[in-house]
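Have the structure open while you read.

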Amino acid sequence: PRCRRRATHPPSVEAALRGPPAAIRSLRNLEVGKDARQLPLTLTRQQMRNSLYTGPATRFLKEESSTEIFLKSTGNSLSAATMRDREFVNRFCAFQLQPLDEYRGDMDEFLARALKKMNGLTPGEIDKLSAHFRSGLINNYKVFDRHAFRKHLPGQESRSVLNASLWDVMTTGLARYPEHVVEARADELRNEFYPLMKDDEFVRSVTYGPNDVKKVKHRFNVTGAVFRKVFDA
């Protein structure tokens with residue numbers, strides 16, 4: 001008789017299947033458009049996080065990735081099916097809520113810890129996080145329009161891909177400043193930002209091996225100095 005091939009799962013799923021029943025139930029109810037009785041053979045890392053940290057945190061990711069300003073500022077270019085859109089919201093929350101020194105080089109673990117932390121926030125704290133996030137999106141779109149969160153130079157017509165590393169530093173960076181202040185100093189910010197697009201070390205930090213601790217800290221330190229020069233001088 002022909003042997004049936006056993007379905008295999010990614011290591012993270014296999015680990016969850018050997019875990020407590022709650023984790024298994026969570027995986028079976030994963031929001032990926034599958035039959036609830038069928039465990040998907042492949043999961044993105046964000047889908048795994050979404051299944052294991054269900055609660056206020058995952059509701060926040062879902063709601064914030066569906067807003068008009070999120071879709072507009074990202075050019076509606078992040079996949080909802082793979083939860084890439086929610087991953088970007090997760091990244092903002094991770095760097096907004098956790099000190100940079102707590103990043104140790106494992107982005108998945110850093111994002112997961114953020115969701116765990118968010119599940120313990122009060123409704124008021126969740127509302128404040130939402131306000132900061134949306135302000136960061138609005139500010140970036142006001143300054144860079146359709147090129148927000150993308151590597152580009154002045155006058156560039158073609159739009160490059162959304163860059164997660166730029167997203168991290170620009171969303172959290174501009175979330176700290178009132179919208180009217182950012183709008184008033186948009187020209188100054190662009191004048192400081194565009195030289196970074198020609199700075200080899202900065203470009204490498206947002207392009208090659210961007211999850212490396214030194215590169216993460218470098219881009220946050222560099223953009224932080226830019227923000228302070230433009231808004232705090």
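When we say that two residues touch, or are in contact, we mean that they have heavy atoms within 4.5 Å of each other. Keep in mind that this is a predicted model.

**W167 and the core**
- Leaving out residues up to four places away in sequence, W167 touches F70, T74, F88, V89, R91, F92, F133, L137, F149 and T172.
- W167 also belongs to an aromatic cluster, together with F70, F88, F92, F133 and F149.
- The largest nonpolar core has 53 residues, and W167 is among those with the most contacts inside it, as are M170 and L174.
- As a general rule, nonpolar side chains in soluble globular proteins tend to be buried together.

**Helix α9**
- How many residues of helix α9 (residues 164-174) are buried? Eleven of the eleven are, so the helix is largely enclosed by the rest of the structure.
- Where α9 starts, N163 has a side-chain oxygen within 3.0 Å of the backbone nitrogen of S165.

**Where α8 meets α9**
- The axes of these two helices, α8 and α9, come within 7 Å and cross at roughly 105°.
- Angles of 65 to 115 degrees count as roughly perpendicular, so that's the label for α8 and α9.
- On the α8 side, the contact is made by F133, S135, G136, L137, N139, N140 and F144; on the α9 side, by W167, M170, T171 and L174.

**An aromatic pair**
- The model has 14 aromatic pairs.
- One of them joins F144 and Y194 edge-to-face, with 6.4 Å from centre to centre and 85° between the planes.
- F144 sits in α8 and Y194 in the loop between α11 and α12, so this pair ties together parts that are 50 residues apart in sequence.
- Both partners are buried: F144 has 5% relative accessibility, and Y194 has a relative accessible area of 15%.

**H152**
- Look for H152 in the loop between α8 and α9.
- Is H152 buried or exposed? With 4% relative accessibility, H152 counts as buried.
- The side chain of H152 makes a polar contact with the side chain of Y194 at 3.1 Å.
- A polar atom of the H152 side chain also lies 2.7 Å from the backbone oxygen of R150.

Terms used
Residues numbered from 1 in each chain as written. Predicted model: local features only at pLDDT ≥ 70, side-chain atom pairs only at ≥ 80, totals over all residues. Heavy atoms only, no water. Core = buried A, V, L, I, M, F, W, Y, C linked by side-chain atoms within 4.5 Å. Buried < 20%, exposed > 50% of the residue type's maximum accessible area, 1.4 Å probe, protein only. Helix = DSSP H or I, 4+ residues; strand = E, 2+ residues; numbered from the N terminus. Polar contact = N/O pair within 3.5 Å; in protein donor to acceptor, adjacent residues only side chain to side chain. Phe/Tyr/Trp six-rings, centres within 6.5 Å; stacked < 30°, edge-to-face > 60°. Axes fitted to C-alpha atoms, helices over the stretch in contact; angles between N-to-C directions. Parallel < 35°, antiparallel > 145°, perpendicular 65-115°, else oblique.
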